[in-house]
Amino acid sequence: MSHESQKKLLLIIAEIIRSVIVKQLNAAGLFSVIIDTTTDVARLEQFSFIVRYVHEGNIEERLLSLITASDATGKGLYNTFCTITEMYQIDWKTKLCAQSYDGAAAMQGEYSGLRTYIQNENPKSIYVWCFAHLLNLVIVDTLDSTTDTKIFFGDLHGIVTFMRARKRTATFYECQKKLNIGSKANDRIRKIKNFSDTRWTSHDRVITVIHDKYDALKNTLELLSESRQSNCFKCKIIFINNFFVSFCIGS
């Protein structure tokens with residue numbers, strides 16, 4: 001089967017699934033929406049449209065559409081919202097009872113946010129600030145109030161930035177492969193990923209990689225230190241090594 005045939009088949013399956021979701025949604029009477037946007041690798045704003053409703057006594061939460069939003073302002077997001085609801089003939093002006101987004105101005109702005117445009121047409125659609133985003137804000141603010149935690153994650157961010165270079169990442173991979181022997185022969189090669197300001201779980205992933213691959217990271221830094229003569233570079237290596245020592249003592 002060719003690439004184009006596979007793509008057509010997937011599109012057909014997607015439309016069948018979507019038609020079932022829309023049928024259940026219309027039969028439910030009332031529904032709510034969860035909307036979020038994220039920038040993809042091409043720097044385009046992807047608009048995700050999730051519906052939540054009750055079907056046969058069970059709460060269903062389904063992704064209905066994922067499209068590119070050409071305009072990331074409140075008005076632009078509202079136009080995208082209208083495009084999706086019109087495309088699938090969803091009566092949101094009378095059946096939409098709630099809407100949930102993050103705290104971005106384009107989403108919840110009092111005068112020009114998406115929720116305001118929707119409530120102008122449907123005042124009964126109450127707005128709920130996404131609990132996941134609220135929890136993330138609480139965690140960030142709580143940890144920012146502690147000096148030791150701020151220093152720890154600041155140093156951790158320095159390691160992530162330092163290891164971002166392609167050659168250093170390659171050296172880290174090689175050090176992991178050399179240590180993957182015996183009982184660790186099937187261990188997965190790990191990469192230190194970047195922090196995300198909106199997803200606290202990204203911090204946990206960085207800590208996990210450093211903890212699990214501590215020996216490989218230490219060997220990587222030693223190799224990098226030997227291969228460069230710059231005093232500034234060596235000072236940075238020493239700083240990171242000192243951080244590793246305190247990290248291991250703390251863990």
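Six salt bridges are present in the structure, a salt bridge being a side-chain nitrogen of Lys or Arg within 4 Å of a carboxyl oxygen of Asp or Glu. Side chains of opposite charge can pair when their charged atoms come close. The structure is a predicted model, in which local features need pLDDT of at least 70 and side-chain atom pairs count only at pLDDT 80 or more, whereas totals for chains, interfaces and linings use all residues. Residues are numbered from 1 along each chain as its sequence is written, and side-chain values use heavy atoms, with hydrogens and water left out.

One of the salt bridges joins Arg18 to Glu15, with the closest N and O atoms 2.6 Å apart. Both residues belong to helix α1 (residues 3-28), where three residues, about one turn of the helix, separate them; helices (H or I, at least four residues) and strands (E, at least two) are DSSP runs, numbered from the N terminus. An α-helix has 3.6 residues a turn, so residues three or four places apart point the same way. Arg18 is buried, at a relative accessible area of 17%, while Glu15 is partly exposed at 45%. Here buried means under 20% relative accessible area, exposed over 50%, and partly exposed in between (1.4 Å probe, protein chains only).

A further salt bridge links the side chains of Arg62 and Glu60, at 2.6 Å from N to O. In this pair Arg62 is partly exposed, with a relative accessible area of 35%, and Glu60 is buried, with a value of 14%. The side chains of Lys177 and Glu174 likewise meet in a salt bridge, at 3.7 Å from N to O. Because Lys177 and Glu174 are three residues apart in helix α8, about one helical turn separates them. Lys177 is partly exposed, with a relative accessible area of 48%, and Glu174 also counts as partly exposed, at 42% relative accessibility.

Helix α8 (residues 166-179) also contains Phe172, which is buried with a relative accessible area of 2%. With its neighbours within four places in sequence left aside, Phe172 is in contact with Met163, Arg190, Ile192, Val209, Lys213, Ala216, Leu217 and Thr220, contact meaning heavy atoms within 4.5 Å. Phe172 and Ala216 are 44 residues apart along the chain, yet 6.5 Å separates their C-alpha atoms.

The protein as a whole has 11 helices and five strands. Of its 251 residues, 34% are buried. Among contacts with a separation of 6 or more, 57% are between residues 24 or more positions apart. The protein exposes about 15,700 Å², of which carbon and sulfur atoms supply 56%; accessible areas come from the Shrake-Rupley method with a 1.4 Å probe, and for residues only the protein chains shown count as cover.

Further buried positions occur in helix α5 (residues 114-121), where Leu114, Arg115, Thr116 and Ile118 are buried. The cover over these buried residues of α5 includes β1, α2 (74-87), α3 (92-95), β4 (96-101), α4 (105-108) and β5 (126-129). In strand β2, Ser48 counts as buried at 17% relative accessibility. Apart from its neighbours within four places in sequence, Ser48 is in contact with Ile34, Ile35, Asp36, Leu63, Ser65 and Leu66.

Two loop residues have backbone angles of note. Most residues other than glycine have a negative phi. Arg43, however, has a positive phi, near 65 degrees. Arg43 is located in the loop between β1 (31-39) and β2 (45-55) and is exposed, with a relative accessible area of 74%. Glu56 has a positive phi near 55 degrees. The loop between β2 and β3 (58-69) holds Glu56, which is exposed with a relative accessible area of 70%.
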